[in-house]
Amino acid sequence: MVAAAQSEQQARDLIAQAQKKLKSWSFIGPSNKYEDAAELYEKAGNMFKLAQQWTNAGDAFKEAAKLFQRAGGANFDGSRAYENAAKCYKRNDPHAAVASLREAITLDHEGGNFRQAARHFQEVAELYENELNDSKGAYDAYEKAADLFSADDSPAMANKCFLKVAEIAADLEMYEVAIEKFERVASAAVDDNLLKWSLKEYFFKAALCHMCTEDTVRSRQALSSYCGMDMSFESTREYQMLKGVLDAIDNDDVDQFTQAVYDYDKLTRLDSWKTSILLKIKKSMDQDDLR
């Protein structure tokens, strides 16, 4: 408690020094005093962190970012300060963290630092997804991150974000978007020896999304296409399950569907996303039975 109180007092002293610096007059010009004050606010932010006063710390870093901008220096300094503010706000105010990261993104864009902007968009997406329960916000932010990683020639990071876009799109029942993204990543992986092992996963998820469209003819065409892209896919358990599910849909046989899923799941546990998509497919079969 004593250490925290001392850190808090040091932070407030630093802020007082920064405010005094801002009120001062200098022959050199205003830019230096803004930069000096920004650095004092950054130090105050770090002291607030030691005191575990996360909102005060975030506010101090945000003020530092604004002062770096007024100093007319590199956008990097302002972006970094907003990023530090976001890290503090994440502790108890994810909305404020998103707002700070968006300010950082603006500076990243102005400075042509697209990879940093992409990384910040990815952080925004994760906050929407994990803290704010905002699927559409996460979808938009992951898509922007993926596009910027692509523009920065970072295909691995872009594909990671495209996969998140695909999964969230499917959750939002935007199946055509999900299919396009999964197939895009799969196409990029076909000729990459380090990524080929992931192909069956991408094909599996894309095929499930195809089935959600209730177009079994197109779904079978997709399966055939995947086998053409990767000759080994037809021998996988994923292919066998997908074929079994498609047969069950064609036969309008819920028991056959359940058996195909069970046979796969008993050896390879289905994750929550796949389980959710399969439940949507089963629900559509149940609804067909009621018509």
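## Terms and basis

A residue counts as buried under 20% relative accessible area, exposed over 50%, and partly exposed in between (1.4 Å probe, protein chains only). By that scale D271, at 30% relative accessibility, is partly exposed.

This is a predicted model, in which local features need pLDDT of at least 70, side-chain atom pairs count only at pLDDT 80 or more, and totals for chains, interfaces and linings use all residues. Residues are numbered from 1 along each chain as its sequence is written, and side-chain values use heavy atoms, with hydrogens and water left out.

## Domains

The domain assignment of the chain gives domain 1 (1-111) and domain 2 (204-290); such bounds come from an automatic or database domain assignment. The C-alpha centres of domain 1 and domain 2 are 52 Å apart.

## Helix α4 and other helices

Helices (H or I, at least four residues) are DSSP runs, numbered from the N terminus. The expected span of a helix is 1.5 Å times one less than its number of residues. Helix α4 (residues 75-89) has 15 residues and should span 21 Å; its end C-alpha atoms are 21 Å apart, which agrees. Buried residues of α4 include G78, A81, Y82, A85, A86 and C88.

A37 is found in helix α2 (residues 30-50) and is buried, at 0% relative accessibility. A37 and N130 are 93 residues apart in sequence and 35 Å apart in space, C-alpha to C-alpha. R102 is found in helix α5 (residues 94-110) and is partly exposed, with a relative accessible area of 35%.

## Salt bridges

A salt bridge is a side-chain nitrogen of Lys or Arg within 4 Å of a carboxyl oxygen of Asp or Glu. By this rule the count comes to 25 salt bridges. One of them joins D77 and R80 (3.3 Å, N to O). D77 and R80 are three residues apart in helix α4, and so are separated by about one helical turn. R80 is partly exposed, at 27% relative accessibility.

Which residue does R269 meet in a salt bridge? The partner of R269 is D265 (2.9 Å, N to O). R269 is exposed, with a relative accessible area of 68%, whereas D265 is buried at 16%. K274 and D271 also meet in a salt bridge (3.1 Å, N to O); K274 is buried, at 6% relative accessibility. A network of salt bridges links E83, K87, K90, R119 and E123.

## The largest pocket

On a 1 Å grid over the protein atoms alone, a pocket is an open set of points where a 1.4 Å probe fits, with protein on both sides within 12 Å along at least five of seven lines; lining residues have an atom within 4 Å of a point. Grid points are joined across faces, edges and corners, and a volume is the space filled by probe spheres set on the points. The largest pocket holds about 170 Å³ of space. Of the 13 residues that line the largest pocket, E129, S135, K164, I168 and D171 are the closest to its centre.

α6 (114-130), α7 (135-151), α8 (155-171) and α14 (272-290) each supply at least two residues of the lining. α8 gives the most, with four residues.
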